[in-house]
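Here is a short briefing on one protein chain. Look over the sequence and the model before reading on.

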Amino acid sequence: MEQSEQVTNTNPGYWPSVGIAALIFGFIYFIISLIGGYMTINAEPTGSMFGSISQAVTGVAGCLIAAFGGMLAVWHYSRTYGITLKMGKGALIGLYVGIGIAVIMTLLSQIWELIDPSYTNRLMESMIANYEAIEGMPEAQRQQVIDGVYSQFQESSTLWGIIKGMLFVAVPVGILNLLTGMLGVSMFAREKESA
C-alpha cells in the first residue's frame, strides 16, 4: 500500500508584517498627536467650542496617515514571500495593524507620562482655558463642559480610562486600515487573471 502525500497549502505568517507596520505607524501617530498636544498647550485660548485648531488638524492628519499601515503590511507581506492575497486576508491584516497601532500609541503615551509627568495636566488646563474663553455660552453650560473635560482627564489615568482611550483609537484606525489593507491587495498582491 502506498502512502499518499498530503499537500498543504499554507502561507507563511503575516504577523511580522503586521508588527512592522503597527510599530512604524503607531510611532508616527503618537508623534503627530504629541505635537498637537504641545501646540495646544503653547497656544492662546481660541474661545472655540472645538478647542485648538492645531489639535484638531493634527488629530485628523495622524489618523489619516496611520490609515496606511494596512497597505504597508500587505505590501511587505506579499513582497517578502512573493504571494498573492484575497481581499478578505488583506482586510484582516489591515484590521490587525489598526489594533496594533492603537496598542503602540497607548504604550508610548504611558511612557511619555513618565518622561513629562506634567503634560496631561497642562493639556487639560489649556483645554479648560479655551472653554472659559468662549463668549456667549451660558455659565451653567460652560461649567458642565469644563467638568466633563476634567472628569475625562481624571479617568484617563485609570486602567479603564486607558483601555477606553485605546479603543477610541482602535475603532476608527482599525476600520481605516481594514480598507487600506484591501486597497493594498488590489495594488500589490492581487492574483493575476489568466486570459
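Which residues does Ser-126 touch, not counting residues up to four places away in sequence? Ser-126 touches Thr-40 and Ile-41. Keep in mind that this is a predicted model.

**The whole chain**

- The chain has 7 helices and 0 strands.
- Read from the N terminus on, its elements run α-α-α-α-α-α-α.
- The chain holds 195 residues, and buried residues make up 37% of them.
- Take the contacts between residues at least 6 apart in sequence: 83% of these join residues at least 24 apart.

**Helices α1 and α3**

- Helix α1 covers residues 15-42, and helix α3 covers residues 69-81.
- The two helices pack at an angle of about 145°.
- Their axes are 8 Å apart.
- The crossing of α1 and α3 is right-handed.
- On the α1 side, the residues that meet α3 are Ser-17, Val-18, Ile-20, Ala-21, Ile-24 and Phe-25.
- On the α3 side, their partners are Gly-69, Leu-72, Ala-73, His-76 and Tyr-77.
- The residues of this contact divide into 8 nonpolar, 3 polar and no charged.

**Ser-78 in helix α3**

- Ser-78 lies in helix α3.
- Ser-78 counts as buried because its relative accessible area is 2%, and the cut-off for buried is under 20%.
- A polar atom of the Ser-78 side chain lies 3.2 Å from the backbone oxygen of Trp-75.
- Leaving aside neighbours within four places in sequence, Ser-78 is in contact with Ile-83, Phe-188 and Ala-189.

**Helix α4**

- Helix α4 runs over residues 87-115 and has 29 residues.
- From its first C-alpha to its last, α4 reaches 41 Å.
- That is close to the 42 Å expected at 1.5 Å a residue.

**Ser-126 in helix α5**

- Ser-126 lies in helix α5, which covers residues 119-132.
- Is Ser-126 buried or exposed? Ser-126 is buried, because its relative accessible area is 17% and buried means under 20%.
- Its partners Thr-40 and Ile-41 fall within residues 15-42, the span of helix α1.

Note on methods. Residues are numbered from 1 along each chain as its sequence is written. This is a predicted model: local features need pLDDT of at least 70, side-chain atom pairs count only at pLDDT 80 or more; totals for chains, interfaces and linings use all residues. Side-chain values use heavy atoms; hydrogens and water are left out. Axes are lines fitted to C-alpha atoms, for helices over the stretch in contact, and angles run from 0 to 180 degrees between N-to-C directions. Helices (H or I, at least four residues) and strands (E, at least two) are DSSP runs, numbered from the N terminus. A crossing is left-handed if the near helix is turned anticlockwise from the far one by less than a right angle, and right-handed if clockwise. Contact means heavy atoms within 4.5 Å. Ala, Val, Leu, Ile, Met, Phe, Trp, Tyr, Cys and Pro count as nonpolar, Asp, Glu, Lys and Arg as charged, and the others, Gly among them, as polar. The expected span of a helix is 1.5 Å times one less than its number of residues. Buried means under 20% relative accessible area, exposed over 50%, partly exposed in between (1.4 Å probe, protein chains only). A polar contact is a pair of N or O atoms within 3.5 Å; within protein, one must be able to donate a hydrogen and the other to accept it, and residues adjacent in sequence count only if both atoms are side-chain atoms.
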